[in-house]
Amino acid sequence: MKDHDARGIPHTTPRQSATFSQDVNSDIRRAAATGIYDIRGGGAKRKVPHFDDLLFMGASISRYPLEGYREACNTAVTLGTRHAENPIELDIPITIAGMSFGALSGPAKEALGRGANAAGTSTTTGDGGMTPEERGHSSKLVYQYLPSRYGMNPDDLRKADAIEIVVGQGAKPGGGGMLLGQKISDRVAEMRNLPKGIDQRSACRHPDWTGPDDLEIKILELREITGWKVPIYVKVAGARPYFDTTLAVKAGADVVVLDGMQGGTAATQDVFIEHVGQPTLACIRPAVQALQDLDMHREVQLVISGGIRSGADVAKAMALGADAVAIGTAALIALGDNDPKWEAEYNALGTTAGAYDDWHEGQDPAGITTQDPELMKRFDPIEGGRRLKNYLKVMTLEAQTIARACGKNDMRNLEPEDLVALTMEAAAMAQVPLAGTSWWPGKDSM
Amino acid sequence: MQSFDLETEGLRALNKTLHAQAETTNQTVWEITNPKGSHAIAVGLDAPIEVNVKGSTGYYCAGMNKQATVHIHGSAGPGTGENMMSGKIIIEGDASQYLGATAHGGLIVVKGNASSRCGISMKGVNIVVQGNIGHMSAFMGQSGNLVVLGDAGDALGDSCYEARFFVRGAVKSLGADCEKKEMRPEHIEFLKDILAEAGMEAKPEEFTRYGSARNLYNFDVDNAGAY
């Protein structure tokens, strides 16, 4: 490109628009070509204030640390102590979030169970019912009770170690889902009582209750059916965390699961994922405040999900008041999702390792988010389970390292006073001081 | 016959007692007195017993029922028979909204009217209503049959899959992707049998069949407005 025109006048440097960026323009061209919104898997990809914007201060003269290899730091948590005869006892405060058989292959679900078992934690069914493989390979299995009620039956309900009533999902608060026909194998179709090969729409709202008063009665019914034995969780999206937590507790929940906007989905509109819901970081303090206002903090446990990736994230969520966290996307990556070893195949699908999110199309090169028998063969559930166990162990060790450095002999002794924020936004959301100050936005009004 | 006073003995004791009835129980007939609109009566049953509820019930009576016959001698609250797998529910009075929501099997008989969202997301259950049904009935109905001797409200069978609807009276409007269908001999036969089983008098020939036009089965941008 010449730096001047024929008259000798210099060209200005070509300038891309910040508003109409290349990414935005490609979205417009895609929409213009197809006439339909973009559907994809995963959670929000936009940058939002997150745990990376928080730091632990560690020990100092006023707080002494615990010896890393000598002094205990408890990671066990018990979920569902409020009403259930048999609460769930976990060795580590990291659980596996709900992901459906249908969205994931049977072997992938098996691997999640194997990994969770080996690490001493629970796994969760999804919008497709409970498979025998999953039940068989998961010693602690949480059964999701979803609006679609696909595969829902009282026998499986009674086999569950806990029931999670799903009101919302961080990726799409207020949204349902759609499993495209190409992923509907005979088995998936049979479990969902639908013909093979057709799109399966998942409702956004429960068919037989609306609002908190109904939810209280629904919880009563589920407890009566299961004899008050197992905990009942209520999962809400990061929408109105203070009120949703308050209402879930009022309705009788044993555990509140709160999923921020970075939490993934198998398939939903990109516009929904990116523009509806609040960041995980913004949801924790209001939820904890709700529990404290009801004098129910630690009595009703809080599980946080949506963008948990490392032991540092676990420790930060717990310092802000969570009792445990759940991972979904991170667990899939541990199993081998988006692995660069499949780069050539990702390229053939028009994407690249790390960015692949067309999970709903069933062509996953890693053989995880698919029902294609040939692709599924690429995934070994035993190896996958081992990888997940390793990852969970590393996260736990990381979280313990931080907790000990802060002088805590139990993960749940971490507290907001251990944290500072790197940005004003994170300081405001986490309600911890901006680093180097004793202030956060909104502090004086509290 | 075993009698159980819900008011004095309480809900937990009732459901616990009914759950304890095994396949081979000889206590096959139960009477529940003083239901007084209580919720979650006789939920999660799994034995071939007959439960007579002497009055009206609240939410979710006979929810997730298997095998049992639950006879409500009054009107039934929201979500009655939700996710039923098998067995039978008879409602002498009217039924509130979401009757038989997501139910997989068995038969639900309503002698009065059923409210809105009757048979929502039904997955194989048969429902027979002697009176009328409300709006948005059988929304996303997947399979099973909804038989109505009276009229249906707005948006019958919206976004339905393979569930079938037989209405004798008027249908105020059909929901998205629901259409009128031809009555073939097998449908007449089916109606004859189900009406007999429900103990209702009506001529099968007087019914009209409705079901999915199957235009929403695989996403097509030209149908986007219907979703």
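Before the structure, one definition: two strands pair if DSSP finds at least two bridges between them. Strands (E, at least two residues) and helices (H or I, at least four) are DSSP runs, numbered from the N terminus.

This is a predicted model, in which local features need pLDDT of at least 70, side-chain atom pairs count only at pLDDT 80 or more, and totals for chains, interfaces and linings use all residues. Residues are numbered from 1 along each chain as its sequence is written, and chains are lettered from A in the order in which they are written.

I start with chain B. An open sheet there has 11 strands with mixed pairing, in the order β1-β2-β3-β4-β5-β6-β7-β8-β9-β11-β10. Its edge strands, each pairing on one side only, are β1 (2-5) and β10 (178-181) of chain B. Inside the order, β6 (residues 107-110) of chain B and β7(B) are parallel, with four bridges. Ile108(B) has Ile127(B) in β7(B) as its bridge partner.

Now the contact between the chains. Counting residues as in contact if their C-beta atoms, placed from the backbone, lie within 7 Å, it takes 37 residues from chain B and 24 from chain A. On the chain B side, α2 (11-19) and β7 (123-129) are the elements that give two or more residues. α2(B) gives the most, with four residues.

Last, chain A. Its open sheet of eight strands pairs in parallel, ordered β5-β15-β14-β12-β11-β8-β7-β6. The edges are β5 (94-96) and β6 (123-124) of chain A. Two bridges join β6(A) to β7 (residues 141-145) of chain A, and Thr123(A) has Leu141(A) as its bridge partner in β7(A).

Note on methods. Contact = placed C-beta atoms within 7 Å.
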